[in-house]
Each structure stands twice: as C-alpha cells, then as structure tokens.
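Subject: Structure handover

Hello,

Here is the structure for you to look at. My notes on it follow below.

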Amino acid sequence: MKKLFWREHLPLIVFSSIQLLVVLLVFWYDGYDHPVTAAYAVFLGLSILGGYLAFRYFTHREFYERLSQPIRSLEDSIRHNESAPLPSALSELMEEQYRQYRSVMQEWERHRKEHMTFMNQWVHQMKTPLSVIEMITQEDDNDANRSISEESDRIRRGLEMVLYMSRLDTFEQDFNVEPVELHQASVDAIHENKRYFIHSRVYPEVLIQPGLTVQSDAKWLRFILLQLLSNAIKYSAGSGNKVTVEAFKTEDGRRVMLEVRDRGIGIPKSDMTRVFEPFYTGENGRKLKESTGMGLYLVREAARKLNHDIELESEPGKGTIVRLIFSV
C-alpha cells in the first residue's frame, strides 16, 4: 500500500523540489544573500508538501489498500466506503460496470440454457424417427436395408456427440460417481457398435478380468468408450484386424489402466500434439472425410472432469493406443 502511494506521488515530490530550487536560484542570481531565510523558505515549502502528502495518505488509505490487495470476489472490488472524491467516483464507476457485466452475463446464461434445452429436445426428437427406421430395416434383411441401418447408426453416433457436448457445460449437475465394472461397460459399448464393427470388417477383443471396477460415472464412461471404439473402428476399417479393449491394475496397485488399441493407420507424428484440440481433424481426417475433430476433444474434457488421466500412443501404419487412467 505504501509503495503504491509513494509511486503515485513521486512526480509531485520531484516537481515541488525542482520548483523550490528554481525559486532559490532566481533569488540568488538577483543578489539575495540571506541563506537562513532561504533555508527557512525551503523548510516551509517542504512542510506544506509533507502536510499535503500526509492528508492525502490518510484520506486515501483504504483506496490504496484495495488496490494493493488481490480481490477474492467481484463484490469485493466494488466496496463503496471512501469519502475522498476520486476513490468515491472510481468506486461508483466500477459498481456501474459490475451491474452491466452481471446483466450481460445473465442474458448470456439465459441464451445458453435455452440453446442447451433446444439441443437436448432436438436430439431426443431425432432419436424417435431413427428408432422407427431401425425397426423397418430389421424386418427385411437385404443389402439396401443393411446400408440404411449403417447410416442410421452413423446418425445416432453424431446425435450422441451433440448431446454430450451440450452437457459438458453443466457437467457438475449431470454426473454420479459410483463403482463401474469395466468388463461389462466395455462389452456394452462394443455391442452398441456391433453393426459398425461388422460393416468395417474389424473385430472386437475384450481382455478385462470380470469384477475389475473403478470409481467413475457410468454414463460418461460409456460415452468415452463409444468415442474411442468409434475412432478405432474408423481408422482400422477394412483391415480385418482386431480392436482390443484391455484393463489392468498397475504394479503398485494405485491405478487402473483401460486401453483401447487398434491396428489401423496410426496417427502421423506431426498431428500427435494436436489430436485433442477441438475441430482438429489432422491428416487422417482429411483423407477419410468423416472426422469431425471433436471425438478426442470430448473424451479428454469428460475424462478431465471425472478426474481421469488420458494418454495416447501411436505409430503410423501400426495403430493407436488410447489409455484411460483411473486412480484407485
């Protein structure tokens, strides 16, 4: 606080000192030779300056204190208890800015909630005709209906991504931590992607000991697994290879690793540092024309909010491993 005060008034002190010196020089050049009187005049000038600085310090002490200390909340920054004109006017200005800021934020929050409500309702409405299409195509198993089913699966995956992305902003209101059995969760996620596996000629493999559980949110973990499996299938399509889901405890017993491994085209080294960025499709995405660049971004955000770590290893031409790490 004191440092801020002296830094603000240093120009005034220098200016007043120079002014006194100039006055003394004028008298000295005019032949005035009474040093005691001159020293007394300088003393009076400095005393008046010191009195002003003391008055300024005590009347603005709370103001300098506020400026010197970090604020803990926006409300702390608009305390209005100064009596001096300048701090009082500044407090009024900050209070008005705060009111306008709150008004803008409340309006933005209202629009955001309306948008999220619309997106959720729209996704659920779209799921109804998709279910009808799937029922119709299951009645007659031919090539045309199988193609329609595959496309409806793709639409369903896209709608799931939109739905979960809209829920990220309200994640804290939409999760429940509980024991999740990894073998069953993986089998369920593979079952949901079964037509995608068959169409892409890629085969699932689960290497998880039944009974291995972690603390997580079952719904969000399902979403993470679906996204990782979808990516693994997409970049292994037509290869006839396996996509392996494996889970195990580390040697120290403090963590559980869940790995989704494919033997597909892999990720170029130039893209490795950016694959978790939103909308970044990379070299592979530009080739396949199907990538949105949002899958791994959503996986990372959901894992971060669940307090899970995520790692990625890949080698071009040999495949990719995405590793989800749970604390025990």
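Which residue forms a salt bridge with Arg 300? Glu 301 does, with the closest N and O atoms 3.3 Å apart. A salt bridge here is a side-chain nitrogen of Lys or Arg within 4 Å of a carboxyl oxygen of Asp or Glu.

Some ground rules. This is a predicted model: local features need pLDDT of at least 70, side-chain atom pairs count only at pLDDT 80 or more, and totals for chains, interfaces and linings use all residues. Residues are numbered from 1 along each chain as its sequence is written, and side-chain values use heavy atoms, with hydrogens and water left out.

Arg 304 and Glu 301 both lie in helix H10, residues 295–305. They are 3 residues apart, about one turn of the helix. Helices (H or I, at least four residues) and strands (E, at least two) are DSSP runs, numbered from the N terminus.

Glu 301 counts as buried because its relative accessibility is 11%. Arg 300 has 30%, so it is partly exposed. The cut-offs are these: buried is under 20% relative accessible area, exposed is over 50%, and partly exposed is in between (1.4 Å probe, protein chains only).

H10 is mostly covered, with 8 of its 11 residues buried. Among them are Gly 295, Tyr 297, Val 299 and Ala 302. What covers them includes H5, H8, strand S6 (309–315) and strand S7 (319–327). Just after H10, Asn 307 takes a positive phi of about 70°.

**Other salt bridges**

How many salt bridges does a search of the whole structure find? It finds 17. Side chains of opposite charge can pair when their charged atoms come close.

An α-helix has 3.6 residues a turn, so residues three or four places apart point the same way. Glu 114 is partly exposed, because its relative accessibility is 43%. Arg 110 has a relative accessible area of 38%, so it is partly exposed.

There is also a network of salt bridges. It links Glu 246, Glu 259, Arg 261, Glu 311, Glu 313 and Arg 323.

**Leu 130 in H4**

Leu 130 also has its place in helix H4. Its relative accessible area is 5%, so Leu 130 is buried. What does Leu 130 contact, leaving aside its neighbours within four places in sequence? The partners are Ser 152, Ile 155, Arg 156 and Leu 159. Contact means heavy atoms within 4.5 Å. The C-alpha atoms of Leu 130 and Trp 108 are separated by 33 Å, and these two residues are 22 apart along the chain.

**The nonpolar core**

The largest nonpolar core has 47 residues. Such a core is a set of buried Ala, Val, Leu, Ile, Met, Phe, Trp, Tyr and Cys residues joined through side-chain atoms within 4.5 Å. Leu 182 and Leu 258 touch the most other members. Helix H8 (residues 218–234) gives the most to this core, with 10 residues.

Leu 182 touches Ile 208, Leu 212, Val 214, Leu 221, Ala 247, Val 256, Leu 258 and Phe 326. Ser 186 touches Ile 208, Leu 225, Val 245 and Leu 258. Ser 186 is found in helix H6 (residues 182–192). At 2% relative accessibility, Ser 186 counts as buried.

**The cavity**

The structure holds 1 cavity of 30 Å³ or more. A cavity is a set of points, on a 1 Å grid over the protein atoms alone, where a 1.4 Å probe fits but cannot get out; lining residues have an atom within 4 Å of a point. The largest cavity has a volume of about 60 Å³, volume being the space filled by probe spheres set on the points.

Which residues line the largest cavity? They are Glu 150, Glu 151, Asp 153, Arg 154, Arg 157, Arg 195, Tyr 196 and His 199. The lining divides into 1 nonpolar, 1 polar and 6 charged residues. Ala, Val, Leu, Ile, Met, Phe, Trp, Tyr, Cys and Pro count as nonpolar, Asp, Glu, Lys and Arg as charged, and the others, Gly among them, as polar. Helix H5 (143–167) and helix H7 (194–200) each supply at least two lining residues. The largest share, 5 residues, comes from H5.

Best wishes

How values were computed:
On a 1 Å grid over the protein atoms alone, a cavity is a set of points where a 1.4 Å probe fits but cannot get out, and a pocket is an open set with protein on both sides within 12 Å along at least five of seven lines; lining residues have an atom within 4 Å of a point.
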